Amino acid sequence: MITDNAIRAVVFDLDNTLYDYDAAHAPAFRALTDFACREFGLTPEEFVQRHRAAEKELGRRCGANCAAVHNRLIRYQVLLEGLGRPIGRAPEMSRLYWSTLLNAMKPYPGAIQMLERLREMGLAVGIGTNMTADNQYEKLIRIGAMERIDFLVTSEEVTAEKPDRRLFEACAAKAGCAPDRCLFVGDSLEKDVKGALAAGMRAAWFHPAGDGAEGLPGAWTLERLSDLPGRIAAM
Ligand SMILES: [Mg+2]
């Protein structure tokens, strides 16, 4: 039965929430490191240091609250500028990273079935993510989530990053309900959980480590995505 304060929409973070980003990033970064060592004569340690410096420099240029900070094409451009190498290699590096990551990524166990179940329950299902749109579309298609969601909000389109409330407000607007009827699910306590609570949403911390870590007062802690439909139904 849908009660008066029932949840109407569930919004998910994407990276490290619907799939294991860290596991997919590892081979992608390895491929990129191999490329840079081979093409530019760097040691792996030098490349890692250059990469870190480029990340920092890009953050300085565009500010933290901006999706461009995640743009690897610009990051590699900055890296090549620092190396004094032709920036024409940047697209190749970006493509290598993303194609390797996309090939390696897998949804978390039960993630796709869980999305289907939520929609069968009559809930709107969306994604609210800090990232550029083109990469997030590719990932959602790759894990089979694209046709199982009702809406997507990227920090690129709202020009603000979680925990900025504007991203959460855009999610509620697309869900067509008040923020307090939305449950936001994500792996970051700072960006996802605190941000959602501050924007008036309910929140669940996805924490699959199984180490018994405490979440935040007023938020659920979720070890398995497959538990979510049952917990919502039991409210
Ligand atoms: Mg995340």
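The predicted model of the protein contains 10 helices and 6 strands. Along its principal axes, the C-alpha trace extends over about 65 × 35 × 30 Å. The radius of gyration is 19 Å, which agrees with the value near 18 Å that a compact globule of 235 residues would have. Buried residues account for 38% of the 235 residues in the protein, and among contacts with a separation of 6 or more, 59% are formed by residues 24 or more positions apart.

The domain assignment divides the protein into domain 1, which comprises residues 9-20 and 106-233, and domain 2, which comprises residues 23-104. The C-alpha centres of domain 1 and domain 2 are separated by 27 Å. Contact between the two domains involves 16 residues of domain 1 and 9 residues of domain 2. On the side of domain 1 that touches domain 2, the elements contributing two or more residues are helix 6 (133-142) and helix 7 (155-158), and of the elements on this side helix 6 gives the most, with 4 residues. In composition, the residues on the side of domain 1 that touches domain 2 comprise 3 nonpolar, 6 polar and 7 charged residues.

Helix 6, which contributes to this contact, has Asn135, Gln136, Lys139 and Leu140 as its buried residues. These residues lie on the same side of helix 6, because the arc that they cover around the axis is only 130 degrees. The exposed residues Asp134 and Ile141 are carried by the face of helix 6 that is turned away from its buried side. The cover over the buried residues of helix 6 includes helix 4 (90-104), together with strand 2 (124-129) and strand 3 (151-154). Just after helix 6, a positive phi of about 80 degrees is found at Gly144.

The largest nonpolar core consists of 62 residues, of which Val10, Val11, Cys182 and Phe184 touch the most other members. Helix 8 (residues 165-175) supplies the largest share of this core, namely 5 residues. Both domain 1 (9-20 + 106-233) and domain 2 (23-104) give residues to the core, which therefore lies between them. For Cys182, when residues up to four places away in sequence are not counted, the residues touched are Ala9, Val11, Cys171, Ala172, Ala175, Cys177, Met201 and Arg202. Of these contacts, Val11 is itself named among the core residues that touch the most other members.

When residues up to four places away in sequence are not counted, Ala36 touches Leu42 and Phe47. Glu46 lies 10 residues from Ala36 along the chain, and the C-alpha atoms of Ala36 and Glu46 are 9.6 Å apart.

Key
Residues numbered from 1 in each chain as written. Predicted model: local features only at pLDDT ≥ 70, side-chain atom pairs only at ≥ 80, totals over all residues. Domains from an automatic or database assignment. Contact = placed C-beta atoms within 7 Å. Nonpolar A, V, L, I, M, F, W, Y, C, P; charged D, E, K, R; others polar. Buried ≥ 20, exposed ≤ 12 C-beta atoms within 10 Å, placed from the backbone. Arc of directions from axis to C-beta. Rg over C-alpha atoms; globule rule 2.2 N^0.38 Å. Core = buried A, V, L, I, M, F, W, Y, C linked by C-beta atoms within 7 Å.
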